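Welcome! Below are a few exercises to work through with the structure open beside you, each followed by a solution in steps.

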Amino acid sequence: VKQCRKYKCLYVSLRGSINTIARHMKVIKRYINVARKKEIIFKDPFLNYTIRSEETHREALSEKELELLEQYRQRSDSDEIINAFLFSCYTGLRYSDICNITKQDIYSINRKKWLIMKMHKTNIEVRIPVSTIFDGKALLLSKSIPRSRGRIFLLESNQKTNRGVKSILKKIGIKRNISFHTARHINSSYPLKIRNLQRLLA
């Protein structure tokens with residue numbers, strides 16, 4: 001129990017959330033159980049320790065809010081943040097992956113365009129049909145950006161990007177607490193729903 005609490009204190013010092021700590025502790029517990037079954041260890045350090053988690057409310061953009069963002073982009077000058085945010089809405093990609101996308105990551109396969117890349121967080125390759133999802137809006141957006149080499153989206157730090165997102169949302173009358181990460185969660189009625197991609201991108 002003492003060792004478990006030490007691990008928890010370590011994660012807290014690294015500014016981990018309650019649910020992040022719980023996820024890591026469950027992984028440790030799983031390996032502890034494997035070690036006990038193989039008789040590598042005999043005592044269970046989790047015997048009198050409870051892994052705690054909390055329910056969280058996940059913000060999600062509505063289709064109406066997505067339309068407002070698209071309208072804002074059309075009437076404003078080319079903006080790195082709004083371009084990247086909308087691309088994340090269309091593809092479900094994380095901020096860290098959006099930062100690394102190049103036009104060379106978009107391939108033609110059977111007359112359709114696919115974004116093929118390795119996820120920064122998991123190192124797993126994903127294939128996203130950018131010419132199909134959201135009526136090909138992701139592909140059109142990428143084509144509208146004149147850079148032919150290097151990264152498509154030139155974003156600053158996550159913190160500064162989030163401030164930019166909040167500023168844009170305020171301008172168009174969206175007053176909810178939305179961050180760049182929220183772009184991955186959309187209540188959509190498109191045939192290929194973004195949450196199906198989330199299963200691939202988790």
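**Exercise 1.** Which residues form one aromatic cluster?

*Solution.* Before starting, note that this is a predicted model, in which local features need pLDDT of at least 70 and side-chain atom pairs count only at pLDDT 80 or more, while totals for chains, interfaces and linings use all residues. Residues are numbered from 1 along each chain as its sequence is written, and side-chain values use heavy atoms, with hydrogens and water left out.

Step 1. The cluster consists of Phe 85, Tyr 95 and Phe 180. Rings of Phe, Tyr and Trp (its six-membered ring) pair if their centres lie within 6.5 Å; planes under 30 degrees apart count as stacked, over 60 as edge-to-face and the rest as tilted.

Step 2. A search of the whole structure gives five aromatic pairs. One of them joins Phe 46 and Tyr 49: the ring centres are 5.9 Å apart and the planes stand at 75°, so this pair is edge-to-face.

Step 3. Now take Tyr 95 and Phe 180. Their ring centres are 5.6 Å apart with planes at 85°, so they too make an edge-to-face pair. Tyr 95 belongs to helix H5 (residues 95-98) and Phe 180 to the loop between H7 and strand E5 (186-187), so the pair ties together parts that are 85 residues apart in sequence. Helices (H or I, at least four residues) and strands (E, at least two) are DSSP runs, numbered from the N terminus.

Step 4. Check burial, where buried means under 20% relative accessible area, exposed over 50% and partly exposed in between (1.4 Å probe, protein chains only). Tyr 95 is buried at 17%, and Phe 180 is buried at 2%.

**Exercise 2.** At what angle do helix H4 and helix H7 pack?

*Solution.* Step 1. Helix H4 (residues 80-91) and helix H7 (residues 158-171) meet at about 90°, with axes 10 Å apart. Axes are lines fitted to C-alpha atoms, for helices over the stretch in contact, and angles run from 0 to 180 degrees between N-to-C directions.

Step 1. This makes H4 roughly perpendicular to H7. Angles under 35 degrees count as roughly parallel, over 145 as roughly antiparallel, 65 to 115 as roughly perpendicular and the rest as oblique.

Step 2. H4 brings Ile 81, Ile 82 and Phe 85 to the contact, and H7 brings Thr 161, Gly 164, Val 165 and Ile 168; contact means heavy atoms within 4.5 Å. Phe 85 is also part of the aromatic cluster.

**Exercise 3.** In what order do the three strands of the open sheet lie?

*Solution.* Step 1. The order is E2-E3-E4, with antiparallel pairing; two strands pair if DSSP finds at least two bridges between them. Strand E2 (106-109) and E4 are the edge strands, each pairing on one side only.

Step 1. Strand E3 (residues 112-118) and E4 share four bridges. Val 126 in E4 is the bridge partner of Met 117, and Glu 125 in E4 stands opposite Lys 118.

Step 2. E3 and E4 form a hairpin with six residues between them, and Asn 123 in the turn has a positive phi of about 65°.
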